[in-house]
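Let us go through this model by question and answer.

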Amino acid sequence: MNPSLRRRLLLGAALPLSAAAKGLTVRMAFGEKIPPFCFPQTASGIEVDVFREALALRGHTLEPLFFPFARVPLEFKAGTVDATMTDLGQDLTQYGGHHGDTAVVYDNVLITLRERALKLRQPRDLDGLRVVSFPGALSRFPAWLEPVRAAGHYSEINDQAVHVRLLMLGRCDVVLSDRTIFRYFVKQAARDPAGPALRPVVEQDFTQVNPLDYRPVFRSTAVRDDFNAGLRLLKANGRFQAIYDRYLRA
């Protein structure tokens with residue numbers, strides 16, 4: 001990294017906070033079933049740690065609150081939290097929300113059993129197939145999922161461990177999931193002697209990742225700006241990658 005840029009980032013992180021945002025506790029809504037990004041039992045995970053450390057660099061304390069994924073934007077609408085990890089495709093600006101910079105991007109793919117030899121290159125390739133995904137996926141990928149929903153073959157299930165079981169047991173044909181989350185739950189299933197027999201899968205790309213789909217939302221513009229500054233510093237000093245590595249290389 002350019003030394004002058006690094007100095008500017010370090011100085012920016014040390015600038016005084018605005019009076020409106022000084023030393024706040026930020027109550028933030030996270031999903032409860034998306035390891036390794038969020039672990040409710042330990043209030044940790046890739047995404048939680050990134051937000052905690054980015055806010056701390058500007059003097060704030062993160063208070064993570066965990067909900068079923070579909071409830072994350074609803075808690076913001078209800079006024080029970082100060083921020084959310086994502087808007088799930090809902091417009092939270094009319095509820096006083098302000099988008100921050102993207103901290104974590106989810107790489108969603110269509111996952112099928114290798115033995116099925118399914119080729120999913122366009123939405124019509126899902127015709128007649130049973131698809132399971134996470135809450136909010138329909139609003140993200142309507143061209144692919146709306147026809148499946150209309151045909152009665154689509155389900156959104158919050159607990160993504162269930163996605164693995166359904167696919168391995170042949171109770172669904174396709175899982176739409178982030179690669180890392182699905183692989184995490186496969187590893188967990190492999191440790192469960194009572195779990196289903198694991199079968200090889202194929203991950204099929206179906207969309208381009210759009211970082212704007214994963215922007216956090218803050219009620220305070222001052223806290224949002226402080227988070228953005230902290231996030232830039234985490235990426236500049238290598239700490240951002242270190243957080244990822246701690247969870248993904250374990």
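Q: What is the handedness of the crossing in which α2 passes α9?
A: This is a predicted model, in which local features need pLDDT of at least 70, side-chain atom pairs count only at pLDDT 80 or more, and totals for chains, interfaces and linings use all residues. Residues are numbered from 1 along each chain as its sequence is written, and side-chain values use heavy atoms, with hydrogens and water left out. A crossing is left-handed if the near helix is turned anticlockwise from the far one by less than a right angle, and right-handed if clockwise. Where α2 passes α9, the crossing is right-handed.

Q: Which residues of α9 make the contact with α2?
A: Contact means heavy atoms within 4.5 Å. On the α2 side are Ile-46, Asp-49, Val-50 and Glu-53. The contact residues divide into seven nonpolar (Ala, Val, Leu, Ile, Met, Phe, Trp, Tyr, Cys and Pro), no polar (the others, Gly among them) and four charged (Asp, Glu, Lys and Arg). From α9 come Arg-239, Phe-240, Ile-243, Tyr-244, Arg-246, Tyr-247 and Leu-248.

Q: In what order do the five strands of the open sheet lie?
A: Strands (E, at least two residues) and helices (H or I, at least four) are DSSP runs, numbered from the N terminus. Two strands pair if DSSP finds at least two bridges between them. Pairing in this sheet is mixed, and the order is β7-β6-β8-β5-β9.

Q: Which are the edge strands?
A: An edge strand here pairs on one side only. That holds for β7 (154-156) and β9 (201-204).

Q: Which residue of β7 stands opposite Val-131?
A: Three bridges join β6 (residues 131-133) to β7, and the two run parallel. Opposite Val-131 stands Tyr-154.

Q: At what angle to β8 does helix α7 run?
A: Axes are lines fitted to C-alpha atoms, for helices over the stretch in contact, and angles run from 0 to 180 degrees between N-to-C directions. Helix α7 (residues 179-190) lies across β5 (108-113), β8 (174-178) and β9. Its angle to β8 is about 110°.

Q: Is Ala-117 buried or exposed?
A: Ala-117 sits in the loop between β5 and β6. Its phi is positive, about 55°, although it is not a glycine. Buried means under 20% relative accessible area, exposed over 50%, partly exposed in between (1.4 Å probe, protein chains only). At 55%, Ala-117 is exposed.
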